[in-house]
Amino acid sequence: MRWSITLGSIAGTSVRIHLTFVLFLLWIGISQYRLEGAAVAWDTLAFISLLFFCVVLHEFGHILMARRFGIKTRDVTLFPIGGIANMERIPEKPSQELLVSLAGPMVNLVIAAALITVLGSMITVEELSQLDDPGASLVTRLAAANLILMAFNLIPAFPMDGGRVLRALLAMRMGYTDATRTAATIGQGFAFILGFLGFISNPVLIFIAIFIYIAAGAEADAVSIRDVARDLVVEDAMMTSLALIPENARIGDAVEHLLNTSMAEFPVIDDQGRPRGLLTRAGIVSALKEHGEAFPVVSVMEHAAPMIEEKQTLAQALDLFAATSSSVIIVINRSGAISGLLSRLAINDVALIRSLRPNWDFHHRTLNPHDQPITKRSAGPEMA
């Protein structure tokens, strides 16, 4: 993810911290130093750091449980609002999603129980309201914070874990898509309640309510797209009008394509039409600036470009997008030659059209003069 720093790797998952989180810590530290002095500032920073360490453990609760079901997680990133684990997919079996969703909050419960054991006493309601009191015990505040994290995450609204728990329970009695829509509607209802409470008490709740409302709608849309994607194949959504760059081309040739087309990613191919890599707009501009027009494109292309066969489903393409950071996927035919490019936007467009026109025949599209299929030229840097 852009603007993030990798701190290390745990069990094959990278742990990253976003730049906004660093700025958040600096802002908190400086503010507390000016208001309360150095001792309070260090105490506050220590509490926040330990709290976000608990957030990392929470995310790894999800990650390790998901791994039991064959779901990999490339990285987890810390933001000021919490942590986000980048799983390659969400388990669609209700029982699996239920276990993965509950694993995170249960980690917070275990942490709180362990800290309460160290304290030798239970957390009182008064102590729950003393999270920002530097005079209170750090262990007590951390235990209380974990209980609050657990309770907040179990709110039955996306994107919190409680929303996924609710969907999993509903999906045991109805279809997955219908369960998602119902859970999203309930979540948006909670958002209205939080927004109302924000108007009469804490304005921060208004922002949380807006976030929940938008996230719930986005989750319902994403599941609807995946539902459509199961019934369509990659060739139904791929772009076929492409500028292809031979592997012996130079950056100057790539610049011409960049100026003459609206493409931002260009497949690099060998003399048999098989993909060698992907050349991005950023790569072209950077190479032109640093090395000049004569620099070979193979030296700046992305060698590990994701690829998929044209007869695979769009649902499989979505899984591939989730497992990579690429904005496009190279589409190949059975012989391994390139036949198109697939973008997330193209999948969204196809899903939208299918929802509006369920009987639309994607398998027999008529090409217009500006959307001609790829044919091979014997010479020159371009295939059109």
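What is the mean pLDDT of the protein chain? The mean is 82, and 89% of the residues reach 70 or more; pLDDT is the predictor's confidence in each residue, from 0 to 100. This is a predicted model: local features need pLDDT of at least 70, side-chain atom pairs count only at pLDDT 80 or more, and totals for chains, interfaces and linings use all residues. Residues are numbered from 1 along each chain as its sequence is written, and side-chain values use heavy atoms, without hydrogens and water.

**View 1. Buried residues of helix α11.** Helix α11 spans residues 314-323 (helices: DSSP H or I runs of at least four residues; strands: E runs of at least two; both numbered from the N terminus). Leu-314, Ala-315, Ala-317, Leu-318 and Phe-321 are buried there (under 20% relative accessible area, 1.4 Å probe, protein chains only).

**View 2. Ala-11 in a loop.** Ala-11 sits between β1 (4-10) and β2 (13-18). Its phi is positive, about 50°, although it is not a glycine. Most residues other than glycine have a negative phi. Ala-11 counts as partly exposed because its relative accessibility is 48% (partly exposed lies between under 20% for buried and over 50% for exposed).

**View 3. Confidence along the chain.** Helix α4 (residues 125-128) has the lowest confidence, at a mean of 63, and helix α6 (residues 161-171) the highest, at 91. Over residues 366-384, pLDDT stays under 50. Where pLDDT is low, the predicted coordinates should not be read in detail.

Conventions: Contact means heavy atoms within 4.5 Å.
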